[in-house]
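Good morning, and thank you for making time on the agenda.

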Amino acid sequence: MLGRVTNQTTAMASQRHLQASAARLAQLQDQASSLKAIQKPSDDPLGTGQSLLVRAQQSANAQYSRNADDGVGWLQTTDSALSSTVNVLNRIRDLTVQGANDGAMSPTAKEAIATELVGLKSDLMASANTTFQGRSIFAGNSDAGVAFQAGTPPTFTGTAGSSVQRRIADGTTVQVDTDGSAVFGTGADSVFGLVDSIVSDLRSGVNIGPQLAGIDSRLTAVRGAWSDVGVRQSQLERAQDTLKNSSISLENQRSGIEDLDQAKAFLDLQTQQVSYQAALAVTAKVIQPTLMDFLR
C-alpha cells in the first residue's frame, strides 16, 4: 500500500538531505583549512592505525639518529685524542733516540731532554683524560671523571669489560668508547711508567736505547686502537646516511596517509558548495506554501 506524501513529509525529507549536504560541506571546509585528511579516527580507522604505526617508526628513527650523532661525537673526540697521543709518542721516540747517543750528549743536554719528556708525559695524561660531554672517552662506564688519576704511575679508573654502547637500529649497537688500559697501559707497564723510566735512566746515566722497544710497542697499540676507532666511526656515519633516508621515506608515508591532496580538496569543496547552493534553490521551489501559510 502506497503511503500518502504530504507537504510535511516532503519538507522533512528535504530538510534531511540539506542537513546531510551542509554537514558534508562543513567537513570539506575543515579539511581544506587544516589540509588534514583525518580529522578524527572515525574519518578513516584504517588510515588512523597506519598513521600511528608510521609515527612510532618515525620516533624510533629519530632516537636512533640522535644516538648515531652522539656516537660520532664520541669517536671524533677519540680520534683527535689518539692523533695527539701518536704525535707525542713520536716526539718521545725522537728524544729517546737522541738521548741514547751517550758519547755525544752532555749531562746538561740529557737533563734538557728529561725535562721535555716530563712535559710530554703531562701531554699524554691530558690526552688520556679527554672527555666528551663530561664523560671520559677512555674509562668505559666509570663515573670517576678521569680515566687516569695522577700518581706514580697514574691509576686507571676504568672497569674491565665495561663499555659505552649506542643503539643505531633494532638489534644493532656500536661501542663508542675506547679501552684506556689497552691504549695507554696500566701501572708500571703504562706509557706513563715508560716515560718515568726513560727520565730516570737519563738522569742516572743509564743508556736509554733499550727503551725504544717499549715506545714502539706502545705506538703499535695506539695505532691499532686508532684504526678501530676509524672503523666504528665509518659504521656510524653510514648509519647516519641510512637513518636520514629512512626519515624522508617515513615522512612521505605519513604525509600520504594524513595530509590532503590540496587540488582535490579544493575541487571537492567547490563542487560541494555548488551542489549545496543548487539544493537550497531547488528545495525552495519544490516546497510550496501550505494552507496554513495562506491563513496566517
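A word on the basis first. This is a predicted model, in which local features need pLDDT of at least 70 and side-chain atom pairs count only at pLDDT 80 or more, while totals for chains, interfaces and linings use all residues. Residues are numbered from 1 along each chain as its sequence is written, and side-chain values use heavy atoms, with hydrogens and water left out.

Let us begin with helix 5. Helices here are DSSP runs of H or I with at least four residues, strands are runs of E with at least two, and both are numbered from the N terminus. Helix 5 covers residues 191–204, which is 14 residues. From first C-alpha to last it reaches 20 Å, close to the 20 Å expected at 1.5 Å a residue; that expected span is 1.5 Å times one less than the number of residues.

Which residues of helix 5 are buried? Among them are Val191, Phe192, Leu194, Ile198 and Asp201. Buried means under 20% relative accessible area, exposed means over 50%, and partly exposed lies in between, with a 1.4 Å probe and protein chains only. The cover over these buried residues includes helix 2 (45–99), helix 3 (107–128) and helix 6 (211–258), where contact means heavy atoms within 4.5 Å. Just after helix 5, Gly205 takes a positive phi of about 85°.

I turn now to charge. A salt bridge is a side-chain nitrogen of Lys or Arg within 4 Å of a carboxyl oxygen of Asp or Glu. By this rule the model has 14 salt bridges.

One of these brings us back to helix 5. Glu111 pairs with Arg203, with the closest N and O atoms 3.0 Å apart. Because Glu111 lies in helix 3 and Arg203 in helix 5, the pair ties together parts that are 92 residues apart in sequence. Glu111 is partly exposed at 35% relative accessible area, and Arg203 is partly exposed at 48%.

A second salt bridge joins Asp259 and Lys36, at 3.1 Å from N to O. Asp259 sits in the loop between helix 6 and helix 7 (262–286), and Lys36 in the loop between helix 1 (7–34) and helix 2, 223 residues apart.

My last topic is the aromatic rings. Rings of Phe, Tyr and Trp (its six-membered ring) pair if their centres lie within 6.5 Å; planes under 30 degrees apart count as stacked, over 60 as edge-to-face, and the rest as tilted. The whole structure contains 6 aromatic pairs. Phe138 and Phe184 form an edge-to-face pair, 5.2 Å centre to centre with 85° between the planes. Phe138 is buried, at 1% relative accessibility, and Phe184 is buried at 1%. Ring pairs link Phe138, Phe148, Phe156, Phe184 and Phe192 into a cluster.
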